[in-house]
Amino acid sequence: LLSGASRIIFHLLKLGDKGQLVYDLFNCFITYALCEETAKYFAAKKAIDRNLNKVSFLDVLTFACIPGIGFELMEAFVYFFTTNIPQILVRGFSNMHAVFGLIVGYIMARGYKKGNMSAPFAAIAASTFVHGLYDFGLREEYLDGALGSISLILAIACFVITIVTYFRVAKMRKDPYYTDPL
């Protein structure tokens, strides 16, 4: 629904007349990244609100990561039938949507801890920027240049973040800062 609404806005504003760059930027940062990250945020927010009195920092991370994993699995199913093996492997190992969820969860949890009411906006903006930058670099006309390299670096970074997070969560589970209710 959000993606559809963004396409309607795109056409109402006649952004298609502005050239390929505007088209690519809008698709990558708004239609794909912003819409996906907003939908995943609202899925996480629903779970957090249901458990608000007992939710911890670690719970917020988890609730924000789960929609990302679900989205990753749904996209992987589609890509399995529409793309090549190297891209499937990169997507599988990079775990990008889950990492985007971690970005949202971390910023939201810190916001809850500090009473920062603008944290959801910062969380969506940060994950949208990283997601949009990754998608933009994968556009065929930019793939061989610096933007393509940025996308590769982001994929590698997400893989590393996934591994680091696994070990970091083991330590976080022993720290009351992360386990006590917010």
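Student: By class, how many nonpolar, polar and charged residues are in the lining of the second largest pocket?
Tutor: That lining has 10 nonpolar, four polar and no charged residues. Here Ala, Val, Leu, Ile, Met, Phe, Trp, Tyr, Cys and Pro count as nonpolar, Asp, Glu, Lys and Arg as charged, and the others, Gly among them, as polar. Keep in mind that this is a predicted model, where local features need pLDDT of at least 70, side-chain atom pairs count only at pLDDT 80 or more, and totals for chains, interfaces and linings use all residues. Residues are numbered from 1 along each chain as its sequence is written, and side-chain values use heavy atoms, leaving out hydrogens and water.

Student: Which residues lie nearest the centre of the second largest pocket?
Tutor: C65, I69, L102, T165 and V169 do, out of 14 lining residues.

Student: And which helix gives the most to that lining?
Tutor: α3 does, with six residues.

Student: New topic: is G101 buried or exposed?
Tutor: G101 is buried, at a relative accessible area of 4% (buried means under 20%, exposed over 50%, partly exposed in between, with a 1.4 Å probe and protein chains only). It sits in helix α5, residues 96–114.

Student: What is G101 in contact with, leaving aside neighbours within four places in sequence?
Tutor: A64 and C65, where contact means heavy atoms within 4.5 Å.

Student: How far apart are G101 and E37 in space?
Tutor: Their C-alpha atoms are 8.0 Å apart, although 64 residues separate them in sequence.

Technical notes. Helices (H or I, at least four residues) and strands (E, at least two) are DSSP runs, numbered from the N terminus. On a 1 Å grid over the protein atoms alone, a cavity is a set of points where a 1.4 Å probe fits but cannot get out, and a pocket is an open set with protein on both sides within 12 Å along at least five of seven lines; lining residues have an atom within 4 Å of a point.
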